[in-house]
Amino acid sequence: MAVAAQLEVEAEGASFEDVYRAHREQVLGWAMRYCAGRRDHAEDVAHDVFLKLHQHFERLAALEEVGAWLYRVTVNEALSRLRRERSFGAKVKRLFFGEEDSGPAADHDFERHERTLLVERALRALPDKERVVVCLWALDGLAQKDIARTLSLSEGYVSKLLARAQERLAARGWEVTP
Amino acid sequence: MTRDFRQALRDADAAWAGEVPGPLTTRLDARLRDSLKPRRRLRWSDVGLVAGGAVVGALLVVTLYRPVPGAVVDEPVRPGGFEVSATAKAPAVTVTRDEVRVDEELELYDAPRQLRVTASAGTTLKREAKGVRLVKGQGVFQVAKQPGRPEPVRVLVSGGAIEVRGTRFTVTQEPDGPGHVTLEEGAIDFRFPSGRVKAVLPGETVHWPEEPEELAPLPVLPLPPPSPPVGPKPVSSRSAAAANWTEFDRRLRSEVVLKRVMALRQQARWPECVEELERALELPDGAYGPGTRERLSWELGSVLTWPLHDAPAACWHWTIHLKTYPRGRYSLEAARAREALECAR
């Protein structure tokens with residue numbers, strides 16, 4: 001894993017700037033994934049993750065698992081962001097100010113692969129936890145017990161979330177192979 | 001047709017990852033740089049500065065408002081508006097904001113009211129919004145004539161207020177008890193708490209608390225002579241008289257009766273008040289202005305109910321009242337009174 005290779009560099013007294021440069025794109029990629037391709041959400045999540053990293057950098061720099069820490073924090077930040085999205089205040093804000101996601105220009109959307117758009121739509125239709133669990137399982141290839149550990153959930157609950165997500169996706173015409 | 005979600009998700013992930021380098025990364029750089037910009041932290045020196053400022057402020061407040069104990073300095077002081085006359089020789093005075101306690105005879109001046117008072121030893125004076133209050137002791141008051149002043153200057157005492165428009169008088173007040181005022185020159189009015197105003201003549205002394213004053217007798221309205229019976233139906237002399245009362249008579253009678261009742265109520269002369277009301281209610285309908293009879297009936301019920309607690313009489317009265325004025329102005333009060341008295345239905 002690319003992260004593992006970078007960790008060795010970090011362990012030898014790298015600055016925050018170095019760690020940020022090394023992980024910036026990866027964290028943004030994870031954030032895009034768990035936010036189902038919403039750029040502004042992904043940016044917010046990445047911003048908050050790196051702020052946390054800055055706060056805890058002294059302690060984390062000594063550890064060899066900065067990459068793993070970033071991964072876990074990104075997943076949890078994405079979940080918190082999604083939860084906040086559903087709050088009453090956020091709904092009122094959206095009602096008056098519309099969707100925040102400006103994203104690239106509209107013509108760019110047209111150029112996007114049709115399939116990507118369909119996947120984004122299917123992912124956004126899933127409840128927050130199910131969406132993140134599906135991504136962890138389908139993209140990161142994590143086992144259910146690893147997902148449970150990352151999200152601080154029980155393994156049984158993760159299994160239930162996955163099953164529900166599969167059902168929902170199947171209803172939309174997607175086949176989810178184990 | 002089913003589609004492989006896992007494969008599609010991987011493709012989408014690759015597409016998302018392709019979007020990351022570029023504006024998204026640049027924006028994140030800028031935001032983080034802004035968020036991590038070092039901000040000035042609060043230092044102990046800042047805390048010290050603020051605390052020092054607070055102490056200086058507090059000292060200023062204390063210096064400006066602290067009581068002035070013991071002897072007063074040569075210059076006139078203005079504690080809460082009172083000035084100590086410059087001619088006074090180092091008097092002993094204790095001042096707490098608007099209250100002055102004089103230990104030796106002292107001349108004080110209240111500039112806004114142009115009121116000068118020579119206060120005897122042991123006198124306490126207080127400035128209030130309505131006037132200068134003589135809490136206890138004795139003072140010779142002198143008020144300059146102020147032609148443009150809309151309100152008279154008031155010297156407040158436990159038993160009322162002395163209203164002055166430029167004159168000299170002596171007031172004596174026992175602590176929270178009786179007192180008297182003697183007018184030396186000019187003219188003053190003494191306003192009792194009941195609202196009665198007594199005009200005081202020079203050399204006259206008025207005492208308080210107020211003695212219950214004998215009520216003026218009800219003015220007897222000239223009743224026109226009974227008219228001779230006309231037609232087959234005999235008319236009672238009272239009704240006939242009522243028919244001839246003018247509107248002026250009715251209003252005057254209403255006013256006088258209500259004034260008498262109010263005066264009796266204020267002096268808590270309840271049995272007399274009941275008698276007065278019963279006598280007033282015996283007069284025929286045309287004797288009063290509109291609404292007066294209902295008001296009198298309500299007054300009678302109230303007196304029987306609350307101060308006298310005469311439940312049988314009150315219940316009986318409220319029943320009659322509610323029958324006479326079923327949707328009257330006091331129906332709600334009447335119903336409440338009946339409820340409080342637990343009157344039988």
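How many residues does the contact take from chain A and from chain B? The contact takes 28 from chain A and 25 from chain B, where residues are in contact if their C-beta atoms, placed from the backbone, lie within 7 Å. Please note that this is a predicted model, in which local features need pLDDT of at least 70, side-chain atom pairs count only at pLDDT 80 or more, and totals for chains, interfaces and linings use all residues. Residues are numbered from 1 along each chain as its sequence is written, with chains lettered from A and ligands numbered from 1 in the order in which they are written.

**View 1. The side of chain A that touches chain B.** Helix 3 (39-55) of chain A is among the elements that each supply at least two residues here, and the largest share, seven residues, is its contribution. Helices (H or I, at least four residues) and strands (E, at least two) are DSSP runs, numbered from the N terminus.

**View 2. Strands across the two chains.** Strand 1 of chain A pairs with strand 1 (residues 3-4) of chain B in the parallel sense, over two bridges; pairing requires that DSSP finds at least two bridges between the strands. Glu175(A) has Asp4(B) as its bridge partner.

**View 3. The largest nonpolar core.** This core has 46 residues, and Leu28(A) and Cys35(A) are among those with the most contacts inside it. Such a core is a set of buried Ala, Val, Leu, Ile, Met, Phe, Trp, Tyr and Cys residues joined through C-beta atoms within 7 Å, buried meaning that 20 or more other C-beta atoms lie within 10 Å of a residue's own. Helix 2 of chain A gives the largest share, eight residues.

Key. Two residues are in contact if their C-beta atoms, placed from the backbone, lie within 7 Å. A residue is buried if 20 or more other C-beta atoms lie within 10 Å of its own, exposed if 12 or fewer, and partly exposed in between; C-beta atoms are placed from the backbone.
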